[in-house]
Amino acid sequence: MAKRIHLTELGCIACEELSELGAGKEGWLVNNPNLLCALDSHSLALANRNLILIVNWGDPDAPRVKIRPDLSPIEAESITAIEWLVFDDVRVVVAGTSCGYLLVYSVSGDLIHKQMVHSSRILKIRVRGTKKDLIQETSTEEICFVMPGIIARFDGSNIQSMLQKWFQEKNSNFWDQKNRKGDVEETGSLYQRLPYQIWNVNKNGVCVDATVTGVMPPPLLELQSSQRYYCAVTIGEDAVISAYRLSEDRGRSLVGAILSKVVPAAASTIASFSKLIWRSNDQSPKRKPEAKTQSFARASSLTCIKDYPRKGEKLTLSPSGTLAAITDSLGRILLLDTQALVVVRLWKGYRDASCVFMEMLAKKDKGKGVIHTEPVKSDYCLCLAIHAPRKGIIEVWQMRTGPRLLTIQCAKGSKLLQPAYRFGSNSSSSPYIPLEVFLLNGDSGQVSMLNRSLS
């Protein structure tokens, strides 16, 4: 009875193609560490080591799309992360590989972009945006790639421009579809390399998950700096929680900045002088410059929590970036204030748990005479949904220090999912879209949504 009240069934993903991902076996959705899931408003992308499957759970008659990326067999390259990118009416799937490549595919399976981020395994892809308000001085939309001890950040506007250009050229038949399909190297080089920032954040130990929480003030001695600084939170085995200040500047010091200007100039002068002395008639072919790994920008450690044998396992961030829920190896869930860098709440007894922030209607029954036609942001309260698979339940707690609002029974082999962030949803003209949480039952394939109302 409780399931009927607090869950709304929306669709089903059951299909024959899921057998390639292990469907049909008990616990196939949650017991396979190589199986990845990413949810869109009406589609689900699932991936294993070498296959991406897109299933429309809202329309069972919609065709399923299989994508088999061209991965390096020599490096034993595999898919290690997957996420949706949603820009208005444009939806694409972005995947990360064990060799550090990002791959962007259309929903029809065309490769749009391929780029090396860093020669490390991509652990997580995080897509988020923040709106300018009293807490955030600027609005940002970004895609972050998390690797062991490394964070890379792409600006959402750069990726959006690249996608718009690709779809415009596709619609105008700018190139021959038959020649382009399957030619990975040519397709990946059609566009310029996307600019991004990358930081080394392994000072307190290699991280297993990380996130950029938002823009933060500069250090005291750099108050007049025009650079932008970000705050990053990492979790790992050595340090349960670490925090860093990330700078856009790649320079390490004043001496380094001077050397970066002087050394190239000196080298150029010496090279020119040597050409005047040793003139050679040798016309040797010029070599194509090799692609170099982008150098790290400056990352300064702010604080860390080391509590052996506790290890950080999973991290989820609130929409504003001010709260982070962290699960550890001792079955605890820590609620971190990412601005004060203080743990403000703790739950115990939740081994193997996963957490997702959501919003629930808090003022539905108040002021019926002046009720809005559509709920606005102030009608919702921020909550944390905790899935405890060993208990077979989902609990919803009000933030920050509120009570437990719901306890929902869920089937074994289920997984909590959240739709991907929609770029442009922070616009003041667009209607407010609250954070929703979906439950995927791996055994039945049923997709349900947690109701936003308590009644």
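**Ground rules.** I am working with a predicted model, where local features need pLDDT of at least 70, side-chain atom pairs count only at pLDDT 80 or more, and totals for chains, interfaces and linings use all residues. Residues are numbered from 1 along each chain as its sequence is written, and side-chain values use heavy atoms, with hydrogens and water left out.

**Entry 1: the count.** I looked for salt bridges (a side-chain nitrogen of Lys or Arg within 4 Å of a carboxyl oxygen of Asp or Glu). How many salt bridges did the rule give? The count came to 15.

**Entry 2: Arg126 and Asp209.** I found these two joined by a salt bridge, with 2.9 Å between the closest N and O atoms. Arg126 sits in strand 10 (residues 124-130) and Asp209 in strand 14 (residues 207-216), so the pair ties together parts 83 residues apart in sequence. Strands here are DSSP runs (E, at least two residues), numbered from the N terminus. I then checked burial: buried means under 20% relative accessible area, exposed over 50%, and partly exposed in between (1.4 Å probe, protein chains only). Arg126 is buried at 13%, and Asp209 is buried at 5%.

**Entry 3: Arg128 and Glu142.** I noted a salt bridge here too, the closest N and O atoms being 3.6 Å apart. Arg128 is in strand 10 and Glu142 in strand 11 (residues 140-147), 14 residues apart. Both Arg128 and Glu142 are buried. I also saw that Arg128 and Glu142 belong to a salt-bridge network with Arg153 and Asp155.

**Entry 4: Arg404 and Glu395.** Buried or partly exposed: which is Arg404? Arg404 is partly exposed, at 45% relative accessible area, whereas its salt-bridge partner Glu395 is buried at 4%. I read 3.1 Å between their closest N and O atoms.

Definitions and conventions: Helices (H or I, at least four residues) and strands (E, at least two) are DSSP runs, numbered from the N terminus.
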